[in-house]
Amino acid sequence: MRCETKIARAIERSTELPLARCSRYVIFGDCHRGDGTMSDNFLRNKHLFTAALQQYLDDGFYYLELGDGEELWENRSRERIEECHSDVYEVFDHLKKRNRYCRIYGNHDMELKGQLPEGIVLKNREGGRDLCIIHGHQADFFNSVCWKLSRFLVRYLWKPLELFGVNDPTSAARNYRKVHKYERCMVGAAKKNDIYLLAGHSHRPHLVEGELYVNAGSCVHPQGITAIEIEHMKMSLVKWVMGNRRDGTLYVEREVLKGEIPIL
C-alpha cells in the first residue's frame with residue numbers, strides 16, 4: 001500500500017477536535033518514556049518535559065501527544081514505565097480531568113492500537129485548512145507493515161548495542177536517507193489533500209511558512225525538547241532547554257525557534 005494511501009486512511013480514522021481562534025494546543029511527540037534504566041532516552045530530558053508540561057497545564061493549553069509516548073519496543077511493561085515516571089502521569093491525570101488531553105499511537109507504542117486513535121484532526125472553524133496529526137510511521141514501510149520485526153530487532157539487537165553507541169539503521173530518526181524519503185512522502189500527502197500534516201517519527205522538527213508539512217520534533221534530543229504550539233490560529237515551534245544565571249543556578253527556559261506562522 002502506498003504511503004499516501006496509508007496516511008489518508010489514518011486521517012479517516014482520526015479523532016476530531018475543534019480549531020478556532022480561542023484554541024490553545026501544544027503538541028509533543030516521540031517522548032519514548034522508558035523504565036528509568038540506562039536505555040531510557042527520555043530520562044535525560046525528563047526535568048525539561050515535566051517543567052514544560054506543568055507550565056502548559058497552568059496556562060490552559062490542551063495537550064496532544066502524537067505517538068511513541070511510551071517506549072514499548074525496548075520495554076514490555078507499560079505499568080513499569082508509568083511507575084518510574086509517576087510525576088509525569090500525575091500531570092496527565094490533571095489534564096484528563098480538565099478534558100484537555102488526547103494522544104494517538106505510533107510504531108513504538110503500537111500495542112496501544114485499539115485503545116487510542118490513529119490520528120487527530122483539528123477541524124478548522126475559521127474557514128482555513130484542517131490540521132491533521134499523525135505519528136508518521138505510516139510513511140515508513142519497515143516501521144509500519146513490518147513493525148513486529150522492527151520491534152524484535154530493537155528489543156534484542158539494537159537495544160544492547162545502543163549502550164555501546166551503535167545506532168539503529170532502520171530508524172527514520174537515525175538514518176538520513178530514510179528521513180529524506182519520509183519527508184518527501186509527508187510533503188506530497190499534505191499537498192495532495194490540501195491539509196496541514198503534523199507528524200513526528202523522524203525526530204526532526206520542521207515549521208516553515210508557506211509549507212503544509214510540520215514536524216514537532218522529539219523529547220529525546222540531547223540539547224532539549226521541542227513542541228508545536230497553536231494559539232490565536234498561529235503555529236510556533238518551541239524548544240525547552242536548560243539555562244544558567246550568572247550566580248551559577250540553572251533554570252528551564254522556553255525558546256521560540258520559529259514563531260507565529262498563520263494557519264490559513
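## Helices across the sheet

In this predicted model, helix α7 covers residues 176–193 and lies across β6, β7 and β8. Helix α7 runs at about 130 degrees to β8.

Helix α1, residues 3–12, lies across β5, β6 and β7. Its angle to β6 is about 105 degrees.

What is the strand order? The open sheet reads β1-β5-β6-β7-β8. It has 5 strands, and the pairing is mixed. Strands β1 (15–19) and β8 (213–215) stand at the edges. Each has a single partner strand, so one side of each is left without a neighbour in the sheet. From one strand to the next, the twist averages 20 degrees.

Strands of a sheet pair through backbone hydrogen bonds, in either the parallel or the antiparallel sense. Here β6 (131–134) and β7 (196–199) pair in the parallel sense, over 3 bridges. Ile133 has Leu198 of β7 as its bridge partner.

Is Leu198 buried or exposed? Its relative accessible area is 0%. The cut-off for buried is under 20%, so Leu198 counts as buried.

Leu198 sits in strand β7. Leaving aside residues up to four places away in sequence, Leu198 touches Leu131, Cys132, Ile133 and Ile134, among others. Those residue numbers fall in the range of β6, 131–134. Other contacts of Leu198 include Ile27, Leu66, Val214, Ala216 and Ile228.

His135 is 63 residues from Leu198 in sequence. In space the C-alpha to C-alpha distance between Leu198 and His135 is 8.1 Å.

## The second largest pocket

The second largest pocket has a volume of about 240 Å³. Its lining holds 12 residues. Nearest its centre lie Ala139, Asp140, Phe141, Phe142 and Lys181.

Which elements give two or more residues to this lining? They are α1, α5 (141–144) and α7. Helix α7 supplies the largest share, 5 residues. Phe141 and Phe142 lie nearest the centre, and their numbers fall in the α5 range, 141–144.

How does the lining divide by residue class? The lining has 7 nonpolar residues and 5 charged ones, with no polar residues.

Definitions and conventions. Residues are numbered from 1 along each chain as its sequence is written. This is a predicted model: local features need pLDDT of at least 70, side-chain atom pairs count only at pLDDT 80 or more; totals for chains, interfaces and linings use all residues. Side-chain values use heavy atoms; hydrogens and water are left out. Two strands pair if DSSP finds at least two bridges between them. Helices (H or I, at least four residues) and strands (E, at least two) are DSSP runs, numbered from the N terminus. Axes are lines fitted to C-alpha atoms, for helices over the stretch in contact, and angles run from 0 to 180 degrees between N-to-C directions. Contact means heavy atoms within 4.5 Å. On a 1 Å grid over the protein atoms alone, a cavity is a set of points where a 1.4 Å probe fits but cannot get out, and a pocket is an open set with protein on both sides within 12 Å along at least five of seven lines; lining residues have an atom within 4 Å of a point. Grid points are joined across faces, edges and corners, and a volume is the space filled by probe spheres set on the points. Ala, Val, Leu, Ile, Met, Phe, Trp, Tyr, Cys and Pro count as nonpolar, Asp, Glu, Lys and Arg as charged, and the others, Gly among them, as polar. Buried means under 20% relative accessible area, exposed over 50%, partly exposed in between (1.4 Å probe, protein chains only).
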